[in-house]
Amino acid sequence: MLINNDTIIKDDNPLIREKSQEVELPLSAENEQILRDMFKYVKDSTNEELAKKENLRAAVGISAIQIGIPRKLTAVIVPDVDKDGNDIRWEFMLANPKITSSSIQKAFLTGGEGCLSVVEDHPGFVYRSARITFEAYDLIRKQNIRVRARGYLAIVLQHEFEHFDGTLFYDHIDPKNPYHKIPGAIEI
């Protein structure tokens with residue numbers, strides 16, 4: 001399936017607000033291919049030459065609803081650093097992910113969030129749980145996984161998982177005070 005900036009569903013399309021359905025496990029060949037195609041998009045989107053040639057916007061994640069498929073499938077590649085300051089990369093091709101616990105403490109990206117499905121700029125802070133635990137089937141590892149995520153990874157995953165409910169990041173921005181600070185929130 002061709003995925004590029006022209007084929008990604010934008011926020012003016014009511015489909016982006018549809019609820020996604022769980023998929024059957026083991027994954028069908030079709031759902032495996034959807035995950036592989038989304039993962040390829042995310043991976044290729046960070047290669048400047050490929051992105052220009054194939055009309056890709058840079059991304060760290062994409063969910064199936066963004067390509068017009070209302071299924072609980074998402075692919076993410078998130079650069080991060082470990083506790084010792086070493087560069088690491090989180091890679092997942094997830095089916096039926098669900099958050100099983102989340103911290104009360106909030107975190108936000110100081111530069112705000114963006115989305116492949118959102119063309120216009122929506123300035124403001126999006127507060128999310130600083131830490132989450134989620135469970136899902138991961139096609140990369142070919143097994144069910146349970147992961148504790150924090151910081152940037154936790155924010156990216158919450159952003160992607162909210163697509164399953166038809167929620168977009170700017171739904172969280174306070175229109176009267178988009179840059180209000182929540183005491184104790186972690187700035188990322």
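User: What makes Trp-90, Phe-92, Phe-134, Phe-161 and Phe-164 a cluster?

Analyst: Ring pairs link these five residues in the predicted model. Rings count as a pair if their centres lie within 6.5 Å.

User: What does the pair of Phe-134 and Phe-161 tie together?

Analyst: Phe-134 lies in strand 6 (residues 131–138), and Phe-161 lies in helix 3 (residues 151–162). The pair therefore joins parts that are 27 residues apart in sequence. Phe-134 and Phe-161 are both buried.

User: How do you know that Phe-125 and Tyr-127 form a pair, and of which kind?

Analyst: Their ring centres are 6.3 Å apart, and the limit is 6.5 Å. Their planes stand at 80°. That is over 60 degrees, so this pair is edge-to-face. The structure holds nine aromatic pairs.

User: Are Phe-125 and Tyr-127 buried or exposed?

Analyst: Buried means under 20% relative accessible area. Phe-125 has 9%. Tyr-127 has 13%. Both values are under the cut-off, so Phe-125 and Tyr-127 are buried.

User: Why are strand 5 and strand 8 called edge strands?

Analyst: The open sheet has the order 5-4-8. Strand 5 (128–129) and strand 8 (186–187) each pair on one side only.

User: How do you know that strand 4 and strand 5 pair?

Analyst: Pairing needs at least two bridges. Strand 4 (residues 106–108) and strand 5 have two, in the antiparallel sense, so they pair. Lys-106 stands opposite Ser-129 in strand 5.

Methods: Residues numbered from 1 in each chain as written. Predicted model: local features only at pLDDT ≥ 70, side-chain atom pairs only at ≥ 80, totals over all residues. Heavy atoms only, no water. Helix = DSSP H or I, 4+ residues; strand = E, 2+ residues; numbered from the N terminus. Phe/Tyr/Trp six-rings, centres within 6.5 Å; stacked < 30°, edge-to-face > 60°. Buried < 20%, exposed > 50% of the residue type's maximum accessible area, 1.4 Å probe, protein only.
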